[in-house]
Amino acid sequence: MEITNVTEYQEIAKQKLPKMVYDYYASGAEDQWTLHENRFAFTKIMFRPRILIDVSKIDMTTTVLGFKISMPIMIAPTAFQKMAHPEGEYATARAASAAGTIMTLSSWATSSVEEVASTGPGIRFFQLYVYKDRNVVAQLVRRAERAGFKAIALTVDTPRLGRREADIKNRFTLPPFLTLKNFEGLDLGKMDKADDSGLASYVAGQIDRSLSWKDVKWLQTITTLPILVKGVLTAEDARIAVEAGASGIIVSNHGARQLDYVPATIMALEEVVKAAQGRVPVFLDGGVRRGTDVFKALALGASGIFIGRPVVFSLAAEGEAGVRKVLSMLREEFELTMALSGCRSLKEITRDHIVTEWDSPHPRPAPRL
């Protein structure tokens, strides 16, 4: 069967992967309301396309933190990619590089920062969880710097792990042949079996619940890399992030895996963009499956988007070729959406190109009788 869109990879991944692994990637927290909403909220935004504009040339290029990329579609950090495919993060890194875009490597990758760097050139960010032992954190950040990573994406929504009931039922743990490669030499690379979710127990033991804004300041004292704050959903926190010296904000609800009943990220985006007042770029993470979704996010003020699950599902289905295909399908769909909306470059995408269900109705002149 020919794959014609990103979503089709999920069913293939479901058939190929062990249940524990598929459920880990696919599920959300508790009732999974936010998981559904992350996708469904995009249906509440419609286009207002402009016609008769010369769209024979379309430029999708952009810069993120000063780095030029081919399109505003980037790869979000997702853990344990070798559970999906033996090449794991190596394959994802090569696919991102081939597409001319950014990959974010998870702290909990099954390949180390050095291994990913060895795949060849590419612009890569490193996602950071802050461990109780700050020496571990400082060491990890230094290793990412040395390996040529260009930014730190600090995850701020996980003082504790969300309640992911599929992982509890499956007694989720990392398969015995895999380790958290970045922590291998620190005796933090293995995850023990637990009475519920092995990952939840690992987080409870290792991740610092006391993490606060002062730690964002501390991070700036140990690295010169720009810091993106990942997990912002409100205007209040957007303002504090800017004041705290963040170089960018990622609007994220952790793939709906942390607190259930938070809004879809596309619903929270505009509030955060307005609060940031153009002082730092704002990115969207969560629910993007179509080029139309990318356009909607940019129309609401995002500087770019990150995809997570489409990467692991396509990786499971077809390895590196799958991830390449996901990136090229989203690129082609996004280019088509731009053309059909009358936009030739990203700066031409404006709020006027969409109308949302939460906008006040556009006043229409009364029809002449």
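Student: Leaving aside neighbours within four places in sequence, which residues is Ile266 in contact with?
Tutor: Ile266 is in contact with Ala41, Phe42, Ile45, Leu284, Lys296, Ala297 and Leu300, where contact means heavy atoms within 4.5 Å. This is a predicted model, in which local features need pLDDT of at least 70, side-chain atom pairs count only at pLDDT 80 or more, and totals for chains, interfaces and linings use all residues. Residues are numbered from 1 along each chain as its sequence is written, and side-chain values use heavy atoms, with hydrogens and water left out.

Student: How many residues has the largest nonpolar core?
Tutor: That core has 109 residues, and Ile266 is among those with the most contacts inside it, as are Phe80 and Trp108. A nonpolar core is a set of buried Ala, Val, Leu, Ile, Met, Phe, Trp, Tyr and Cys residues joined through side-chain atoms within 4.5 Å; buried means under 20% relative accessible area, with a 1.4 Å probe and protein chains only.

Student: Which helix gives the largest share of this core?
Tutor: Helix 13 (residues 309–341) does, with 13 residues; helices are DSSP runs of H or I, at least four residues, and strands are runs of E, at least two, numbered from the N terminus.

Student: Changing topic, where is Ser107?
Tutor: Ser107 is in the loop between strand 5 (103–105) and helix 5 (113–117).

Student: Is Ser107 buried or exposed?
Tutor: Ser107 is buried, because its relative accessible area is 0%.

Student: What does its side chain reach?
Tutor: The side chain of Ser107 reaches the backbone nitrogen of Tyr129 at 3.1 Å. Beyond four places in sequence, Ser107 touches residues including Phe126, Leu140 and Asn182.

Terms used. Buried < 20%, exposed > 50% of the residue type's maximum accessible area, 1.4 Å probe, protein only. Polar contact = N/O pair within 3.5 Å; in protein donor to acceptor, adjacent residues only side chain to side chain.
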